[in-house]
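Please read it alongside the sequence and the structure shown here.

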Amino acid sequence: MDIPISVLNTENISLSKDQSEAMDSIETLNMILYSLEGGTSETFESEVLTIKKILKAEGYSELMRMGNNLKGKFQISYVEEASEIDELIIFGYSSTSGFMLVRVLGDNIKLSKVVSLAEVIDQLEIENTNVNDFMKFFL
């Protein structure tokens, strides 16, 4: 699913300078969600292995990895061109819930500023958007 960043309705949220710059650098979000409620563990495992293989390919750099086998794992990777980050990949999965893959596309994304957006996630008005299901899974 391709989602323009404008769907997040940040107009009514007071953003810091860093948060505003982070939002301005993001153009589009691509999201994929696979829930084990409606899927199979075999498909889940196959898709997770495929995503892991892609993220290990040349061109992707791993920024961080967190989690454990009980609660799930989380990985953030990025694609850098000429010292500018134009793509950020957030991949999280749990053997009990499923997985989520978010591709953040933009222009010269500053990781330190994007991280500051975590503070405003709960203020986003996403109840009437398709993003709501993704955010529930992610949070």
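In which loop is Glu 119 found? Glu 119 sits in the loop between α3 (111-115) and α4 (131-138). The model under discussion is predicted.

**Overall architecture**

- The protein contains four helices and six strands, and their order along the sequence is β-α-β-α-β-β-β-β-α-α.
- Of the 139 residues in the protein, 40% are buried.
- The accessible surface amounts to about 8600 Å², and carbon and sulfur atoms account for 49% of that surface.
- When contacts between residues at least 6 apart in sequence are considered, 53% of them join residues at least 24 apart.

- Although Glu 119 and Gln 19 are separated by 100 residues in sequence, their C-alpha atoms are 9.2 Å apart in space.

**Salt bridges**

- Side chains of opposite charge can pair when their charged atoms come close.
- The structure has three salt bridges.
- Lys 17 pairs with Glu 21, with 3.8 Å between the closest N and O atoms.
- Both Lys 17 and Glu 21 belong to helix α1 (residues 17-25), where they are four residues apart, or about one turn of the helix.
- Lys 17 is exposed, because its relative accessible area is 64%, whereas Glu 21 is partly exposed at 30%.
- Arg 65 forms a salt bridge with Glu 62, and the closest N and O atoms of this pair are 2.6 Å apart.
- Arg 65 counts as exposed at 52% relative accessibility, while Glu 62 counts as partly exposed at 42%.
- Arg 103 forms a salt bridge with Glu 87, the closest N and O atoms lying 2.8 Å apart.
- This pair links distant parts of the chain, as Arg 103 is in strand β6 (residues 98-109) and Glu 87 is in strand β5 (residues 84-94), 16 residues apart.
- Arg 103 is partly exposed at 34% relative accessibility, whereas Glu 87, at 11%, is buried.

**The buried residue Ser 77**

- Ser 77 is part of strand β4, which covers residues 72-81.
- Ser 77 counts as buried because its relative accessibility is 1%, and the buried class covers values under 20%.
- The side chains of Ser 77 and Gln 75 are joined by a polar contact of 3.0 Å.
- Leaving aside residues up to four places away in sequence, Ser 77 touches Leu 55, Ser 61, Glu 62, Leu 63, Glu 87, Leu 88 and Ile 89.
- Among these neighbours of Ser 77 are Glu 62 and Glu 87; Glu 62 is the salt-bridge partner of Arg 65, and Glu 87 that of Arg 103.

**A nonpolar surface patch**

- Leu 63, Met 64 and Met 66 form a nonpolar patch on the surface, and together they have about 250 Å² of accessible area.
- Leu 63, one of the patch residues, is also in contact with Ser 77.
- Met 66 is located in strand β3 (residues 61-68) and is partly exposed, with a relative accessible area of 42%.

Technical notes. Residues are numbered from 1 along each chain as its sequence is written. This is a predicted model: local features need pLDDT of at least 70, side-chain atom pairs count only at pLDDT 80 or more; totals for chains, interfaces and linings use all residues. Side-chain values use heavy atoms; hydrogens and water are left out. Helices (H or I, at least four residues) and strands (E, at least two) are DSSP runs, numbered from the N terminus. Buried means under 20% relative accessible area, exposed over 50%, partly exposed in between (1.4 Å probe, protein chains only). A polar contact is a pair of N or O atoms within 3.5 Å; within protein, one must be able to donate a hydrogen and the other to accept it, and residues adjacent in sequence count only if both atoms are side-chain atoms. Contact means heavy atoms within 4.5 Å. Patches are made of residues with over 30% relative accessible area and no salt bridge: like charges are joined within 9 Å, nonpolar side chains (Val, Leu, Ile, Met, Phe, Trp, Tyr) within 5 Å. Accessible areas come from the Shrake-Rupley method with a 1.4 Å probe; for residues, only the protein chains shown count as cover. A salt bridge is a side-chain nitrogen of Lys or Arg within 4 Å of a carboxyl oxygen of Asp or Glu.
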